[in-house]
Amino acid sequence: MNKKTGLQVLMILIIIIISLWFYLKYFTSDIEVTKKVQVVLKIDENQNNTSTYINDINYISSDTKGNRYQITAKEAEIKIENSDVMFLKDVLAFIFIKDSDMIKITSGFGKYNTKNYDTIFSKNVIVIYPGHKITGEYLDFSFLNNTGKISTNVIYNGSKTNLFADEIEMNLVTKDTKIFMNDDSKKVLIQGNK
C-alpha cells in the first residue's frame, strides 16, 4: 500500500471517529430526554399545513389514585386549529386500574384528547381483560371517570356466557356493568357456554 492510499484510509477513519463522537455527545442526550417525556415523535408536515402527522406515538397518563393509561398508535394526525385532539390509526391502549386487572383495548381508529385523556375508539374495537372479551364498533372511554361505553354490534364473550347487545356501559373501578338494547322491544341475547 502506498503512502497516498494509507493517508486516505487514515483520514476516513478520523472522520468516522469524529462523526461518532459528535453523534454520541450531541444526539444521545436528546434521545434520553424523549424517553422521559414518554412521547416518540417522527413528524411529517402535511402539504396544506392544516395538520401535523406523527408516527409511532406513545402517551402514558396517570392519576393521583395510581391508575395508569397508556395509548399507542401507528400514526396520529393533529389538526392545527385544535392541537389538543389527535386522530389515531391502529390504536392499542392499556388501562391499569390500581388493585385491579389490566384492560387491553385495540381498534382501527381513535380520537384522543390530550387534556382530559378521553378517547373514542372506533372500527373493530376489542376490549380484553382476564376471562372477558368485548367487541364492538365504537367505545367512548373516560380515564378521569373510569368509565367506558361500547356500542354497535356488541358481543361479550365470557368463560360461561356470550351476550349480544346494542350497548354495554362499565365502571372500570367497581366493575358495575349495564347491558341493554336501544329498542325496548328487543332483548339482549344470552347464550351459555359448556
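The questions below set values against definitions, one label at a time.

Me: What should I know about the model before I start?
Reply: This is a predicted model, in which local features need pLDDT of at least 70, side-chain atom pairs count only at pLDDT 80 or more, and totals for chains, interfaces and linings use all residues. Residues are numbered from 1 along each chain as its sequence is written, and side-chain values use heavy atoms, with hydrogens and water left out.

Me: How many helices and strands are there in the protein?
Reply: There are 2 helices and 11 strands. Helices (H or I, at least four residues) and strands (E, at least two) are DSSP runs, numbered from the N terminus. Along the sequence the pattern reads α-α-β-β-β-β-β-β-β-β-β-β-β.

Me: Why does Ser151 count as buried?
Reply: Buried means under 20% relative accessible area, exposed over 50%, and partly exposed in between (1.4 Å probe, protein chains only). Ser151 has 13% relative accessibility, so Ser151 counts as buried. Ser151 lies in strand 8. Beyond its neighbours within four places in sequence, Ser151 is in contact with Gly136, Glu137, Tyr138, Asp166 and Glu167. Contact means heavy atoms within 4.5 Å.

Me: Why does Thr174 count as partly exposed?
Reply: Thr174 has 44% relative accessibility, so Thr174 counts as partly exposed. Thr174 sits in the loop between strand 9 and strand 10. The C-alpha atoms of Thr174 and Asn146 are separated by 9.3 Å, with the two residues 28 apart along the chain.

Me: What share of the protein counts as buried?
Reply: Of its 194 residues, 29% do.

Me: What makes a nonpolar core, and which residues have the most contacts inside the largest?
Reply: A nonpolar core is a set of buried Ala, Val, Leu, Ile, Met, Phe, Trp, Tyr and Cys residues joined through side-chain atoms within 4.5 Å. The largest has 31 residues, and those with the most contacts inside it are Tyr69, Leu88, Ile105, Phe121 and Val127. Strands supplying at least two residues of this core include strand 2 (51-62), strand 3 (68-79) and strand 9 (161-171). Leaving out residues up to four places away in sequence, Tyr69 touches Phe94, Phe121 and Phe141, among others.

Me: How do you know that strand 2 and strand 3 pair?
Reply: Two strands pair if DSSP finds at least two bridges between them. Strand 2 and strand 3 have 11 bridges, in the antiparallel sense, so they pair. Ser62 has Arg68 in strand 3 as its bridge partner. The two strands form a hairpin with 5 residues between them, and Gly66 in the turn has a positive phi of about 95 degrees.

Me: Which strands pair over 4 bridges?
Reply: Strand 9 and strand 10 (residues 177-180) do, in the antiparallel sense. Met170 has Thr177 in strand 10 as its bridge partner.

Me: What makes a space a cavity, and how many are there?
Reply: On a 1 Å grid over the protein atoms alone, a cavity is a set of points where a 1.4 Å probe fits but cannot get out. Grid points are joined across faces, edges and corners, and a volume is the space filled by probe spheres set on the points. By this rule there are 2 cavities of 30 Å³ or more. Lining residues have an atom within 4 Å of a point.

Notes:
On a 1 Å grid over the protein atoms alone, a cavity is a set of points where a 1.4 Å probe fits but cannot get out, and a pocket is an open set with protein on both sides within 12 Å along at least five of seven lines; lining residues have an atom within 4 Å of a point.
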